[in-house]
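Work through the exercises below with the structure open beside the text. Each task is followed by a solution in steps.

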Amino acid sequence: MSTVNSQDDEDTFKILVATDIHLGYLEKDPVRGNDTFVTFNEILDHAQKNEVDFVLLGGDLFHENKPSRKTVHSCLESLRKYCMGDRPVQFEILSDQAVNFHYSKFPWVNYQDENLNISIPVFSIHGNHDDPTGADALCALDILSCAGLVNHFGRSTSVEKIAISPILLRKGRTKIALYGLGSIPDERLYRMFVNKQVTMLRPKEDEDSWFNLFVIHQNRSKHGATNYIPEQFLDDFIDLVVWGHEHECKITPFQNEQQRFYISQPGSSVVTSLSPGEAVKKHIGLLHVKGKKMKMEKIALETVRTFHIEDVVLADHPDLFNPDNPNVTQAIQAFCMEKVELMLDNAERERLGNPHQPEKPIIRLRVDYAGGFEPFSIYRFSQKYMHRVANPKDIIHFFRHRGQKEKKDIDLNFGKLVSRPTEAMTLRVEDLVKQYFQTAEKKVQLSLLTERGMGEAVQEFVDKEEKDAIEELVKFQLEKTQRFLKERRTEAEEEKIDEEVRKFRESRKKNTEEEDKEVREAMLRARAHRSEDEVLVAASSDEDSMDMEMMGVSNPSDGLSSTQSRGRGRARGRARGARGQNSTTRGSSRRGRGTTSQESTSSSRSYKPVSVPAKNMTIMDGRPVISPLF
């Protein structure tokens, strides 16, 4: 890269770009547990040494939706170490921050907070691993945002229409319009793009003078008919798209020939799946923007554990392996050992001269044993490499391609061989539910609910731990169907009722927007129900503790002897037995509360928490510096 003079520095943005850091991945693994934290520190260290204006993250900062205390603590520690300081921030924000961060209790960028001393601002969208969930729709990034260490942007709260309002940045004579869109289920976002429900707002004044930078976290490669976001869906006024979620590193910007914008796919900073895409060297990017021109400088990550993968098709070696040979399994095992040793040698050569790289590499040998061969014991094989590789339990992966026997004389394309299992692995929960009910026998098919709605509820149950999601969806749909039948005044004949229910179900399947609303409302009811249960549990525990105090039962940690404890336990049992006979007396003696036990119980159960929805502000609520794109 050519040197930048002082005049360029005044007008040039320097942005460190990274995506899919997945903090906390395999944190309990004795060998790989700290890999994500070490690499995150390296990323922030590069930002500090290069004196960047800000760090831009493309989602999945955390691997888990509910990261552990260790993971959150390590993240806060790194951000405080590298991003706080006295170095002044050289750019300013021109847009209305109350619009950019409208869902936050502190709707302004962190470096402008008078109580904080930020030297490197971090802007991040959320990914599919750390997306908002729960009763208050919070995510781990909201914790970092509340602490003043990360600026969480690009969050959409509507399932009907999305208006993406940019953060307008200016440094000298260079102006950047920073757009962001946090992860949304691909099929839903695909449908919204098709229905023209996604709008990117643009500045009113001198809209052609802005460098338009868009950060997105979605499937880029096609995993199904609508389970991805085509590049052609994005607006052609964009200059650069930073695409998260895809883990293969393709960080050098390349141009989309139709839309004419450039795309940079930084990939992940840690290996989370043993696939060929993850074996590509990991990089982050140092983006320079001046006016409408840009340049991306690749920075190789030195702390990433090396990963080597190789494919073997046993049927391609008829001179070595004969399925009829009784010792063929031992021969295959020796062959695999030779391959693993070769990969270990390559990993050692790659590590030489890099003291920051972990010593033990990740090794993966995929073996296609079709053609009458039998796999050997993976566990016995892995014991030989316990102290040499980071993943000894899954060094070998056996699979068998069914079409192998019919195509013995044809050169095999391994990419085609593994495409089928790869697609199977990308199936989501809601897809499996939909396939099951659509292919099931007629007697077990859904007659009231839709497959899509049930799939969404099951996904909430599995991914978000919403235990009441399915039950609330069923109740919601049942109530709505009953209201529909009453309005139609359907006669109480089974055949007519069944016919009306079938018509109602088919109309809902066609109206996807209405169905999305129904599913969302049912999920909100499930979350509210969970919050109510938590209140009841808390109230019940408080009541029990009051009972113990009233009966003279001390805390178990007060140092009572075993004899005293048993005596107190018997007294408590007798008191509880008498509680039902004189509840009024008991209630009036409880520290002046003046309520009976029955009244207290009923009042706690009737409590219903009220959730106040956040104001869904649009760009029109802020300063008049933005106009919709037509």
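## Exercise 1: A listed histidine

His129 has 26% relative accessibility and therefore counts as partly exposed. The model is a predicted one.

Task: State what UniProt lists for His129, and find where His129 is placed and which residues are in contact with His129.

Solution. 
- Step 1. The record comes first: an unreviewed UniProt entry lists His129 under "active site".
- Step 2. Locate His129 in the chain: the loop between strand 4 (122-124) and helix 5 (140-146) holds this residue.
- Step 3. Check the class: buried means under 20% and exposed means over 50%, so a value of 26% falls in between, as partly exposed.
- Step 4. Set aside the neighbours within four places in sequence; the contacts of His129 are then His22, Asp60, Phe62, His63, Glu64 and Asn65.

## Exercise 2: Strand 7 and its partners

Task: Determine which strands pair with strand 7 and in what sense, and say how strand 7 is covered.

Solution. 
- Step 1. Strand 7 spans residues 167-171, and four of its five residues are buried, so the strand is mostly covered.
- Step 2. On strand 3 (residues 92-93), the pairing with strand 7 is antiparallel, with two bridges. Glu92 has Arg170 of strand 7 as its bridge partner.
- Step 3. Strand 8 (residues 174-181) also runs antiparallel to strand 7, joined by five bridges. Here Ile167 is opposite Leu178.
- Step 4. Look at the connection: strands 7 and 8 make a hairpin with two residues between them, and Gly172 in the turn has a positive phi of about 60°.

## Exercise 3: A parallel sheet and the helix packed on it

Solution. 
- Step 1. Four bridges link strand 18 (residues 362-368) to strand 19 in the parallel sense, and Leu365 is opposite Ile396 of strand 19.
- Step 2. Turn to helix 7 (residues 328-351): its 24 residues reach 35 Å from first C-alpha to last, close to the expected 34 Å. Just after the helix, Gly353 has a positive phi of about 85°.
- Step 3. Buried residues of helix 7 include Val328, Ile332, Phe335, Val340 and Leu344.

## Exercise 4: The nonpolar cores

Task: Identify which residues touch the most other members of the largest nonpolar core, and which element gives the largest share.

Solution. 
- Step 1. The core has 31 residues, and Leu16, Leu61 and Leu79 touch the most other members.
- Step 2. Elements giving two or more residues include strand 1 (12-18), helix 3 (69-83) and strand 15 (283-290). Helix 2 gives the largest share, five residues.
- Step 3. Take Leu61: leaving aside neighbours within four places in sequence, its contacts include Ile21, Phe40, Cys75 and Leu141.
- Step 4. Another core, of 27 residues, lies apart from this one; Leu56, Ile176, Val242 and Leu287 are among its members.

Conventions:
Residues are numbered from 1 along each chain as its sequence is written. This is a predicted model: local features need pLDDT of at least 70, side-chain atom pairs count only at pLDDT 80 or more; totals for chains, interfaces and linings use all residues. Side-chain values use heavy atoms; hydrogens and water are left out. Two strands pair if DSSP finds at least two bridges between them. UniProt positions are given in the numbering used here, feature names are shortened, and annotations may be inferred rather than shown by experiment. Buried means under 20% relative accessible area, exposed over 50%, partly exposed in between (1.4 Å probe, protein chains only). Contact means heavy atoms within 4.5 Å. The expected span of a helix is 1.5 Å times one less than its number of residues. A nonpolar core is a set of buried Ala, Val, Leu, Ile, Met, Phe, Trp, Tyr and Cys residues joined through side-chain atoms within 4.5 Å.
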